[in-house]
Amino acid sequence: MTTVPAPYRITPARVLRAEWHKLWTLRSTWATLLAAAALVLGVGLLMGTTYTSDGGDSDVDTVVLTLYGSQLSGICLAVLGILVSAGEHSTGLARATFTAVPRRLPVLGAKAAVLGGTVFAVCLLTNLLTFTTAQFFLADTDQAASLADDGVLAAVAGNAAGLTLLSLIALALGAALRSVPGGLGAFIGGVVVLPEVAGMLPYDAVETALRYFPTQAAGVLGSATPLPDAPSAGAALLALVLWTAAALAVPALLLRRRDV
């Protein structure tokens, strides 16, 4: 007796394609990405058109100045990451997803890959457009620079990488908590607010540790000039990657232990 192979098999490529379609068929994806890009571009143009050399900001890194809107767009991208993971549980779609992919872990990996690739591409293109456009207005100031200058292109790409890794941390929090409000609260409280509060403690060990927290490490990656008392760009990137891996490990373990 011959057995007929199943016409459909679960493969990483098919899981990845399914998550890609789910991401781009949601209006929230378009809304959050457009909002994130508009904030970076809008704030960058505002900085470029209003900047004057005698305004007292000459010591600000030119990439930080032109991409200042990244601090706001990071919240939009965090919301997107949480919606990608926790949103399925709020709508009940997670039951169908995990029925189709019983091993579950490929789903989490595909979500992270699709979100990470999308966010990095959008952020990098937005950063390049914002920086080059803002430089038209900064050409005759002390903030004039080009992508060919030392550290500029690396900082523009580093800013995109930092935002991407922060969005993956948000995805992990959403997947672990399975709640959009809970994930957003955990991200703002644990990733954004906690380092600021902990920085008030008068302990050198705390101050040293805070330099490697996610938001602080992302800030290092987005600066063309070394920040005072900050880790190197390589150390900051390694720290942020480890934070992201640890955050994703939590929902990966929980997926194996709890029901949908």
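**Cavities, pocket and salt bridges**

Q: Which helices each supply at least two residues of the lining of the second largest cavity?
A: A cavity is a set of points on a 1 Å grid over the protein atoms alone where a 1.4 Å probe fits but cannot get out, and its lining residues have an atom within 4 Å of a point. Helices (H or I, at least four residues) are DSSP runs, numbered from the N terminus. For the second largest cavity, at least two lining residues come from each of helix H2 (27-50), H4 and H6.

Q: What kind of model is this?
A: Residues are numbered from 1 along each chain as its sequence is written, and side-chain values use heavy atoms, with hydrogens and water left out. Local features need pLDDT of at least 70, side-chain atom pairs count only at pLDDT 80 or more, and totals for chains, interfaces and linings use all residues, this being a predicted model.

Q: Which helix gives the most to the lining of the second largest cavity?
A: The second largest cavity holds about 60 Å³ of space, a volume being the space filled by probe spheres set on grid points that are joined across faces, edges and corners. Its lining is made of Ala36, Ala37, Val40, Ser73, Leu77, Val122, Cys123, Thr126, Asn127 and Leu163. Four residues of this lining come from the top contributor, H6.

Q: How many charged residues line the second largest cavity?
A: Asp, Glu, Lys and Arg count as charged; Ala, Val, Leu, Ile, Met, Phe, Trp, Tyr, Cys and Pro count as nonpolar, and the others, Gly among them, as polar. The lining of the second largest cavity has seven nonpolar and three polar residues, and the number of charged ones is none.

Q: Which elements give two or more residues to the lining of the largest cavity?
A: The count comes to two cavities of 30 Å³ or more, and the largest has about 110 Å³ of space. Around the largest cavity are Ser85, Glu88, His89, Ala94, Phe98, Val107, Leu108, Lys111, Ala175, Pro251 and Leu255. Two or more of its lining residues come from each of H4, helix H5 (93-100), helix H6 (105-138) and helix H11 (233-257).

Q: How many charged residues are in the lining of the largest cavity?
A: Glu88 and Lys111 are among the residues that line the largest cavity. By class, this lining has seven nonpolar and two polar residues, and the charged ones number two.

Q: With which residue of helix H1 does lysine 111 form a pair?
A: A salt bridge is a side-chain nitrogen of Lys or Arg within 4 Å of a carboxyl oxygen of Asp or Glu. Lysine 111 meets its partner glutamate 19 in such a bridge, at 2.9 Å from N to O. Lysine 111 lies in helix H6, so parts 92 residues apart in sequence are tied together through the partner in helix H1 (residues 12-24), glutamate 19.

Q: Is lysine 111 buried or exposed?
A: Lysine 111 also forms a salt bridge with glutamate 88, with the closest N and O atoms 2.4 Å apart. Glutamate 88 lies in helix H4 and lysine 111 in helix H6, so this pair ties together parts that are 23 residues apart in sequence. Buried means under 20% relative accessible area, exposed over 50%, and partly exposed in between (1.4 Å probe, protein chains only). Glutamate 88 has a relative accessible area of 8%, and with 7%, lysine 111 is buried.

Q: Which residues are linked in a network of salt bridges?
A: The whole structure has five salt bridges. A network of them links Glu19, Lys22, Glu88 and Lys111.

Q: What is the relative accessibility of arginine 211?
A: Arginine 211 and glutamate 207 meet through their side chains in a salt bridge (3.9 Å, N to O). Glutamate 207 counts as partly exposed because its relative accessibility is 44%. Arginine 211 is also partly exposed, at 29%.

Q: Which residues lie closest to the centre of the largest pocket?
A: A pocket is an open set of grid points with protein on both sides within 12 Å along at least five of seven lines. The largest pocket has a volume of about 670 Å³. Its lining has 22 residues, and the closest to its centre are Ser70, Gln71, Thr215, Ala218 and Gly219.

Q: How many charged residues line the largest pocket?
A: The lining of the largest pocket has eleven nonpolar and ten polar residues, while the charged count is one.
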